[in-house]
Amino acid sequence: MALQIFNVLGREKQDFKPIHDGRVGMYVCGPTVYDDSHLGHAKTYVSFDVVVRYLRYSGYDVLYVQNITDVGHLRENEEDRVLIKAQQLQARPMQIVETYARSYFEDMDSLGVTRPDISPRASGHIPEQIEMIETLIRNENAYVVDGNVYFDVTSDDDYGKLSNRRLDEQLDENRELVGGEGKKNPADFALWKKAEPEHILRWNSPWGVGFPGWHIECSAMARKYLGANFDIHGGGIDNIYPHNENEIAQ
């Protein structure tokens, strides 16, 4: 019997057929390291550890990539989670990142979870993210507004296919949310955010000083280490929308 994997895209089990015989490229969205790990992290990473272990047991050569988000994961009020913690503890952002990244790996080690082959950090891949954003702008999937760059969801005919959300319904329900940021549509999401003077995590870009959006980070890192197409993309169920949906669009 063939190995089957449940594919959220289509909501069905499918026979697993790797792109390249004997090899599997697998990317799993990693933690945002601004606090201690919790039960949800354990559930997610133990589950994908089982997948990796079984694939290797079955004879596949698996390249397992799991990122570390250390910038750009914003709360609803658009405050960076790492910066909030740094302000609370009167520490530097990278102190927070190092403390909780180490703690995360220690927690996973204690659960017997296999460490990823590559654990790239978002802050270490700014050039790759800028390059991808430039491509999206060039292909008219994104636009610049006052130092911010947004993905135009109406440029993707398949937007919503992962989460089964109809774009026209989202736009109608949230039309009043289009406002001061200059977004064309309320569902458009940030690829690059302009950094205000008090924002510590900041980099130079073609659009001014700023920082990347959360969603572009994973797309850029997955593409760098696994290529444009790879076999398995995993993450917590709470990330299906908007994070994984936006990754597919990018």
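Tutor: What follows is a set of questions about the labels, each answered from a value and a cut-off.

Tutor: This is a predicted model, in which local features need pLDDT of at least 70 and side-chain atom pairs count only at pLDDT 80 or more, while totals for chains, interfaces and linings use all residues. Residues are numbered from 1 along each chain as its sequence is written, and side-chain values use heavy atoms, with hydrogens and water left out.

Student: How many helices and strands are there in the chain?

Tutor: The chain has seven helices and nine strands. These are DSSP runs numbered from the N terminus, with helices being H or I of at least four residues and strands E of at least two.

Student: What makes the chain as compact as a globular protein of that length?

Tutor: The radius of gyration, taken over C-alpha atoms, is set against the globule rule, 2.2 Å times the number of residues to the power 0.38. For 250 residues the rule gives 18 Å and the chain has 19 Å, which is close, so the chain is as compact as a globular protein of that length. Along its principal axes, the C-alpha trace spans about 55 × 45 × 30 Å.

Student: Why is Thr44 called buried?

Tutor: Buried means under 20% relative accessible area, exposed means over 50%, and partly exposed is in between (1.4 Å probe, protein chains only). Thr44 has a relative accessible area of 15%, so Thr44 is buried. This residue is found in helix H1 (residues 39–57). Leaving aside neighbours within four places in sequence, Thr44 is in contact (heavy atoms within 4.5 Å) with Gly235 and Gly236.

Student: And why does Trp203 count as partly exposed?

Tutor: Its relative accessibility is 23%, so Trp203 counts as partly exposed. Trp203 lies in the loop between E7 and strand E8 (210–212). Not counting residues up to four places away in sequence, Trp203 touches several residues, including Val71, Ser123, Ile126 and Trp192. The C-alpha atoms of Trp203 and Ser123 are separated by 9.5 Å, although the two residues are 80 apart along the chain.

Student: How do you know that helix H7 is largely enclosed by the rest of the structure?

Tutor: Seven of the ten residues of H7 (residues 240–249) are buried, so this helix is largely enclosed. Among them are Ile240, His243 and Ala249. The buried residues of H7 pack against strand E6 (148–151), strand E7 (189–194), helix H6 (214–226) and strand E9 (232–234).

Student: What makes a set of residues a nonpolar core?

Tutor: Such a core is a set of buried Ala, Val, Leu, Ile, Met, Phe, Trp, Tyr and Cys residues joined through side-chain atoms within 4.5 Å. The largest one here has 23 residues, and Met26 and Tyr64 have the most contacts inside it. H3 gives the most to this core, with seven residues. A second, separate core of 18 residues includes Ile126, Ala142, Ala187 and Phe189.

Student: Why is Leu111 part of a surface patch?

Tutor: A patch takes residues with over 30% relative accessible area and no salt bridge, joining like charges within 9 Å and nonpolar side chains (Val, Leu, Ile, Met, Phe, Trp, Tyr) within 5 Å. A salt bridge is a side-chain nitrogen of Lys or Arg within 4 Å of a carboxyl oxygen of Asp or Glu. At 47% relative accessibility, Leu111 counts as partly exposed. Val46, Val50 and Leu111 form the nonpolar patch, with about 240 Å² of accessible area together.

Conventions. Areas by Shrake-Rupley, 256 points an atom, 1.4 Å probe, with all protein chains shown as cover.
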